[in-house]
Amino acid sequence: MASTSSTPLSSISSSSSLIDARVSRQSAATLPQCVSLPTLPPPPVQPQNRPWKAAAYCRKIARNVMTMATGEVPVEVASTELPEIVMTVQEAWDKVEDKYSVSSLVVAGGVALWGSAGFISAIERLPLIPGVLELVGIGYTGWFAYKNLVFKPDREALIAKIKDTYKEVTGSS
């Protein structure tokens, strides 16, 4: 039995080597060769101890504590100046009495602007409407220029009307 059991094993191993040899010959001749991808570089090594960061953080905390205790502004903070427009906006915001309503108006204006932009882009996607609206705009501009800008009395009347409207809006006399 031992001889029969060894025969099939040797025949299996020899037949598998024959099959492997055939496959290797076929794969070298007919099958495309495999391309290996390059490996990624190793991740950067993070330094484990960062004493300089800890020291900077401690200095910052100590400076803030000293500032709160003495009430003085550190030299580093005092030397940085805000742009003029930021200062103007801060002064105007400080003068506003009803900050809630102004904030609400700003948010409502932003939502209206966003909605109108979406509405205009939706109209622009329609096939004929943008061209028609462009023609209407050109026609109205021509009519307005002829009616109000060509002749001198009409120009003066338009300027007076604009000044009156400006006075009404601003409340100045």
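Start by selecting Tyr 140, Trp 143 and Phe 144: ring pairs link these three into a cluster. Rings of Phe, Tyr and Trp (its six-membered ring) count as a pair if their centres lie within 6.5 Å; planes under 30 degrees apart are called stacked, over 60 edge-to-face, and the rest tilted. The structure holds three aromatic pairs. One of them, Tyr 140 with Trp 143, is tilted, at 5.5 Å centre to centre and 35° between the planes. Both of these residues sit in helix α6 (residues 129-148), three residues apart, about one turn of the helix.

Before you go on, a word on what you're looking at. This is a predicted model, where local features need pLDDT of at least 70 and side-chain atom pairs count only at pLDDT 80 or more, while totals for chains, interfaces and linings use all residues. Residues are numbered from 1 along each chain as its sequence is written, and side-chain values use heavy atoms, with hydrogens and water left out.

Now put a surface on that pair. The cut-offs are under 20% for buried, over 50% for exposed and in between for partly exposed (1.4 Å probe, protein chains only).

Next, slide along to Asn 148, also in helix α6. This one counts as buried because its relative accessibility is 17%. Leaving aside neighbours within four places in sequence, Asn 148 is in contact (heavy atoms within 4.5 Å) with Asp 154, Arg 155 and Leu 158.

Step on to Leu 149, in the loop between α6 and α7 (152-170). Leu 149 is partly exposed at 39%. With the neighbours within four places in sequence set aside, its contacts are Phe 144, Arg 155 and Leu 158. Phe 144 takes you back to the ring cluster.

Then colour α7. How far does α7 reach? Its 19 residues reach 27 Å from first C-alpha to last, close to the 27 Å expected at 1.5 Å a residue; that expected span is 1.5 Å times one less than the number of residues.

Val 86 is in helix α4 (residues 84-95) and is partly exposed at 31%.

Finally, zoom out. The chain has seven helices and zero strands, where helices (H or I, at least four residues) and strands (E, at least two) are DSSP runs numbered from the N terminus. Buried residues make up 2% of the 173 residues. The accessible surface comes to about 16,000 Å², 68% of it belonging to carbon and sulfur atoms; areas come from the Shrake-Rupley method with a 1.4 Å probe, and for residues only the protein chains shown count as cover.
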